[in-house]
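Please look over the structure below before reading on.

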Amino acid sequence: QYNRQMRIGISCYSTFGGSGVVATEVGKALAARGHEVHLLSPTVPPRLLGFEDRIMFHEVTASTYPLFEAAPYSIALASKMADVAEHHDLQIMHAHYAIPHASAALLARMALGGRLKVVTTLHGTDITVVGSDPSYLSMVKLAIRESDAVTSVSEYLRDETYRTFKVDRPIDVIPNFVTAPSDPNAGCRKWLCPAGTSILTHISNFRPVKRVMDVMRTFERVQREHPAFLVMVGDGPDRAEAEAYARDQGFADRVRFTGKQLDIDTVLACSDVFLLPSGTESFGLAALEAMAHRVPVIASRVGGLPEVVRHGVDGYLEPLGDVDAMAEDALTLLRDPALRKRMGLSAQTRALETFEEKPIVDQYEEVYERVLAVP
Ligand code: GMT
């Protein structure tokens, strides 16, 4: 651990998405180590709950003008980054998610005559979905090339970045981390479903990449053979279709759509199985959070998920779209409480040991020290 206090800006989205969660948790951990942290985002990130010593929040607002077709958020962000960096003498701007955070940080660095180091963390869809879209590709490539350091949350994402952008520069893999649940006994089983019912859970932003219909189809098969209840946490474009499906297939009374929910600890504490059948996932932070709660994960074998979940040890990984296999896995776990307990314990041990906060935040500090050592 470093003794020298650093002044760090962190820029992220303030949605419930993984990049905002990771950025905020990194900021909180750095502040707890004595660094001064300035968090920039459109609204207060959900994980920045209370007063945190040494964390200052800066709201980024893109003013509108009749001439603008859309308020230029990236320019407002770059401007805010430059202002905050100047007035608080920041040394580093850590951009979480390439678009537009990394490009805006490069602009802020230019505005300050080069005396701000830019660290970019790639999270997933900024490379695999939007980053590779021709309308953003050149700017993402520039951001990756020109940042003082680039990190990626998995080996898979690093390799995808090299493959897509053909950049010739080092990328440090720094995985996401998780902390032990604060109240592992807080559960919602009692008020969700009758005793003896197993609970399956899915948490996401309900975007197409999450394949929530695969969650519904998996659950539909499971509940035909075993008393089960499904908790769907989050919100997004595919929620309505999923709700309609549960109604049409006659199992809506066995599903609870909670909407966006900050208190995922309470849901995970009473979950028996976590479902994440994503089309791609650079890491799968939601899976890691479930594992920390001793919940075995059933996911698709895509992207960085195999770096997090060990098939047959912490849960199961199945071919993309194979809802029959996922339903079989869930039934195997639900019918065998000893197996479920064993896998849940392995999952928790892996989550809290391999993805422990301290050594991972150490790695971010090392990256900061390294970029600051370059004049
Ligand atoms: O999953 C999303 O669409 C949200 C997205 C984000 O940037 O907020 O998540 C990405 O970053 C997370 C944190 O690093 C990863 O755990 C997720 O796997 C990744 N999502 C995808 O790659 C689809």
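## Sheet, helices and ligand shell

Leu-39 stands opposite Phe-57 in strand 3. This is a predicted model. The pairing behind that contact joins strand 2 (residues 36-41) to strand 3, in the parallel sense, over 5 bridges.

Glu-59 is found in strand 3 (residues 55-59). Is Glu-59 buried or exposed? Glu-59 counts as exposed, because it has 12 C-beta neighbours inside 10 Å, and the cut-off for exposed is 12 or fewer. Lys-80 lies 21 residues away from Glu-59 along the chain. The C-alpha atoms of Glu-59 and Lys-80 are separated by 8.6 Å.

Strand 4 (residues 92-96) is mostly covered, with 5 of its 5 residues buried. Ile-92, His-94 and His-96 point one way from the strand. Met-93 and Ala-95 point the other way. Strand 4 pairs with strand 1 (residues 7-11) and with strand 5 (residues 117-122), as the table shows.

| Pair | Sense | Bridges |
|---|---|---|
| Strand 2 and strand 3 | parallel | 5 bridges |
| Strand 1 and strand 4 | parallel | 4 bridges |
| Strand 4 and strand 5 | parallel | 5 bridges |

Ala-95 has a partner on each of these neighbours. Ser-11 has Ala-95 as its bridge partner in strand 4. In strand 5, Thr-120 stands opposite Ala-95.

**Helix 3.** Strand 4, helix 3 (residues 98-111) and strand 5 make a right-handed β-α-β unit. Helix 3 has 14 residues. From its first C-alpha to its last, helix 3 reaches 19 Å, close to the 20 Å expected at 1.5 Å a residue. How many residues of helix 3 are buried? The count is 11 of the 14, so helix 3 is largely enclosed by the rest of the structure. The buried residues include Ala-98, Ile-99, Pro-100 and His-101. Leu-106, Ala-108 and Arg-109 are also among them. In general, an α-helix has 3.6 residues a turn, so residues three or four places apart point the same way.

**Helix 1.** Helix 1 (residues 18-32) has 15 residues and reaches 21 Å from its first C-alpha to its last. That is close to the 21 Å expected at 1.5 Å a residue. Helix 1 is mostly covered too, with 13 of its 15 residues buried.

**The ligand shell.** Which of the 20 residues around the ligand come nearest? They are Gly-17, Gly-18, Ser-19, Gly-124 and Leu-285. Two elements give two or more residues to the shell, helix 1 and helix 4 (125-128). Helix 1 provides the largest share, 3 residues. By class, the shell has 6 nonpolar, 12 polar and 2 charged residues. Domain 1 (7-177 + 356-373) and domain 2 (189-354) each supply at least three residues to the shell.

Technical notes. Residues are numbered from 1 along each chain as its sequence is written. This is a predicted model: local features need pLDDT of at least 70, side-chain atom pairs count only at pLDDT 80 or more; totals for chains, interfaces and linings use all residues. The expected span of a helix is 1.5 Å times one less than its number of residues. A residue is buried if 20 or more other C-beta atoms lie within 10 Å of its own, exposed if 12 or fewer, and partly exposed in between; C-beta atoms are placed from the backbone. A residue is near a molecule or strand if its C-beta atom, placed from the backbone, lies within 6 Å of it. Ala, Val, Leu, Ile, Met, Phe, Trp, Tyr, Cys and Pro count as nonpolar, Asp, Glu, Lys and Arg as charged, and the others, Gly among them, as polar. Domain bounds come from an automatic or database domain assignment. Two strands pair if DSSP finds at least two bridges between them. A crossover is right-handed if, with the strands pointing away from the viewer, the path from the first strand over the helix to the second runs clockwise.
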